[in-house]
Amino acid sequence: MGKIRILNILTVAVAMAFYTIAATAQVSHGKASYYPKRATGARTASGERLHQDSLTCAHRSYPFGTKLLVTNQSNGRQVVVRVNDRGPFIRGRVIDLSYRAAQELGMLSMGVATVKVEPYRGDVVVPYRDNTSTELPEIDLDVTVPADPLHPQWQEETEDQNTTAKPQTSTPAKPKNTAPANNTPTKTIKPLSAR
């Protein structure tokens, strides 16, 4: 009888602790930062690729796919984002937002903003970049072969233009002088070892 009572008390204590943690995790206040544009294409903890135009975020505890309502407390603007990454791992920060989500909250110029984060239970489709590949139609690029492949048409046109131009006059080549121009005998220089 005593073991069952202790087990019940432990169960109730664990349930209350879990409920307290879950209740405090429902709404959180803190700083939010955002991914820069150059992070586009990086792989997130969920396996998805990060894209600057997606309304996604990184959170430490919410499961992937959870929708969160983020409110910028300085201007009251709100955005719904979907969790697809883990972080931030900087003290005081509660969420990392995509570039587009930060733009929607009006926090791009500040870099870091004070926000309120809470789960969103409404029916809304959070836009994000679809990673499925798109099938493109095949394009057949036929190449026309000229009648005479040895002499392409563009070469024939230039040859015709060259024949109508004035003929080239050839000037006779001057023979190379083997002797100096002043007809003086050349002096041979002996190496130092022969002197």
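Me: How do the residues of the lining of the largest cavity divide into nonpolar, polar and charged?

Reply: In this predicted model, the lining divides into 5 nonpolar residues, 4 polar and no charged. The residues concerned are Tyr35, Pro36, Ala39, Thr40, Leu50, His51, Gln52, Ser98 and Tyr99. Tyr counts as nonpolar here, so Tyr35 and Tyr99 fall in that group.

Me: What makes this space a cavity and not a pocket?

Reply: A 1.4 Å probe fits in a cavity but cannot get out, whereas a pocket is an open set.

Me: Why is Phe89 called exposed?

Reply: The relative accessible area of Phe89 is 69%. Exposed means over 50%, so Phe89 qualifies. Phe89 is found in the loop between β4 (78-85) and β5. Its C-alpha atom is separated by 8.1 Å from that of Arg60, 29 residues apart along the chain.

Me: How do you know that strand β2 and strand β5 pair?

Reply: Two strands pair if DSSP finds at least two bridges between them. Strand β2 (residues 56-58) and strand β5 (residues 93-97) have 2 bridges, so they meet that cut-off. The sense is antiparallel. Cys57 has Leu97 in β5 as its bridge partner.

Me: In what order do the strands close into a barrel?

Reply: The 6 strands of the barrel follow the order β1-β5-β2-β4-β3-β6, with mixed pairing. From one strand to the next, the twist averages 45°.

Definitions and conventions. Residues are numbered from 1 along each chain as its sequence is written. This is a predicted model: local features need pLDDT of at least 70, side-chain atom pairs count only at pLDDT 80 or more; totals for chains, interfaces and linings use all residues. Side-chain values use heavy atoms; hydrogens and water are left out. Helices (H or I, at least four residues) and strands (E, at least two) are DSSP runs, numbered from the N terminus. Axes are lines fitted to C-alpha atoms, for helices over the stretch in contact, and angles run from 0 to 180 degrees between N-to-C directions. On a 1 Å grid over the protein atoms alone, a cavity is a set of points where a 1.4 Å probe fits but cannot get out, and a pocket is an open set with protein on both sides within 12 Å along at least five of seven lines; lining residues have an atom within 4 Å of a point. Buried means under 20% relative accessible area, exposed over 50%, partly exposed in between (1.4 Å probe, protein chains only).
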